[in-house]
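Let's take a walk through a protein together. Have a look at the sequence and the 3D view, and then we will go through some of the details step by step.

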Amino acid sequence: MTTTFPDISISTERLVLRAFEPADAPALAEMMNDELVAAWTAVPQPYTEAAARTWITEYAPTERAAGRGIDLAVTEFLTQRLVGVIQLSNTDWRVRSTEISYIIASWARGEGYASEAALATAQWLFRDQKLERIELRTAADNAASQQVAQKIGCISEGVLRNAFIARTQTESGWADIRTDLIVWSLLPEDLEGVADQMADAGYSTFADWN
C-alpha cells in the first residue's frame, strides 16, 4: 500500500505551514548556513541557493509523490517571512507512522515557533491523516531540540548509542563527532492537554488546514 501526503497548508495564529516555492530558495539557503544547523544536521556546508532550489523543485516533490514524506515551509502569518522547516520522512503507511524534524532560522529562535509548528503538524497528522505514531530523534547534546520534543508531549523511549554524526567548528573548518541519538515518540493520546499547556505559556496552538 502506497499513500502520499496531500498538498497541504496548516495555519496557526502566528504561522502558516505550506509547500516550498522557488522564491523561498534564498531564505532557505541563508537558514541552512547557520552554525547550529550545520552542527546538528547533515545539511551540506556551505549550503548554496542552487542546493536550495534542487531541494524545493526536485527532492521535496519526489519525496511526497513517493509517499515517503513531505517538506513544509514555516512562515510568519503577518510578514510571510520564512522562519523554518518542518520535514516528515521515513513514513510507513501500513504502520501509520512518520518521523518529524524541524529547523528554525537563527533570527527566529526563542519565539516558540518550532513547538507551535511541530504541534500543529502533529494535530493534522493524527486527526486528518489518521497516523498513529510520530517519531523524533535528537542528538544527545541538542538541548533545544529536546525541549521542543518535551513541550509537544513526546515521550523519550531510549538512546541509540553512537548513532549520529554531529559537527563541531574547529580552526580548520567543520569536524565530525560521533554522538548518541535520543529517540522520542508521540501518540495521539499524548496530545491531550498539550495545547492548553502551551496556550497557558503564551503560545498559540490553534491549527487549521486546507
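In which kind of crossing, left-handed or right-handed, does α1 pass α3? The model you are looking at is a predicted one, and in it α1 passes α3 in a right-handed crossing. To find the pair, look for α1 at residues 25–32 and α3 at residues 49–66. Their axes come within 8 Å and cross at roughly 115 degrees. Angles from 65 to 115 degrees count as roughly perpendicular, so α1 and α3 are described as roughly perpendicular to each other.

Now zoom in on the place where these two helices meet. From α1 come Ala25, Pro26, Leu28, Ala29 and Met32, while α3 brings Glu49, Ala52, Arg53, Trp55 and Ile56. Sorted by type, the residues of this contact are 8 nonpolar, no polar and 2 charged.

Next, let's go to the nonpolar cores. The largest nonpolar core has 38 residues, and Leu17, Ile86, Tyr102 and Leu186 are those with the most contacts inside it. Among the elements that give two or more residues to this core are the strands β2 (15–19), β3 (70–76) and β4 (82–92), together with the helices α4 (113–127) and α5 (143–151). The largest share comes from α4, with 10 residues.

Setting aside residues up to four places away in sequence, Tyr102 touches Val85, Ile86, Ala114, Ala118, Leu136, Ser145, Val148 and Ala149. There is also a second, separate core of 18 residues, which includes Phe20, Ala25, Met31 and Ile103. You have already met Ala25 in the contact between α1 and α3.

Finally, let's compare two single residues. Thr75 sits in strand β3. Is Thr75 buried or exposed? Buried means under 20% relative accessible area, and Thr75 has a value of 4%, so Thr75 is buried. Beyond its neighbours within four places in sequence, Thr75 is in contact with Arg14, Leu15, Val16, Arg18, Gln80, Arg81, Leu82 and Val83.

Asp141 lies in the loop between β6 and α5. Exposed means over 50%, so Asp141 counts as exposed at 60% relative accessibility. Leaving out residues up to four places away in sequence, Asp141 touches Trp40 and Gln146.

Terms used. Residues numbered from 1 in each chain as written. Predicted model: local features only at pLDDT ≥ 70, side-chain atom pairs only at ≥ 80, totals over all residues. Heavy atoms only, no water. Core = buried A, V, L, I, M, F, W, Y, C linked by side-chain atoms within 4.5 Å. Buried < 20%, exposed > 50% of the residue type's maximum accessible area, 1.4 Å probe, protein only. Helix = DSSP H or I, 4+ residues; strand = E, 2+ residues; numbered from the N terminus. Contact = heavy atoms within 4.5 Å. Axes fitted to C-alpha atoms, helices over the stretch in contact; angles between N-to-C directions. Parallel < 35°, antiparallel > 145°, perpendicular 65-115°, else oblique. Left-handed = near helix turned anticlockwise from the far one by under 90°. Nonpolar A, V, L, I, M, F, W, Y, C, P; charged D, E, K, R; others polar.
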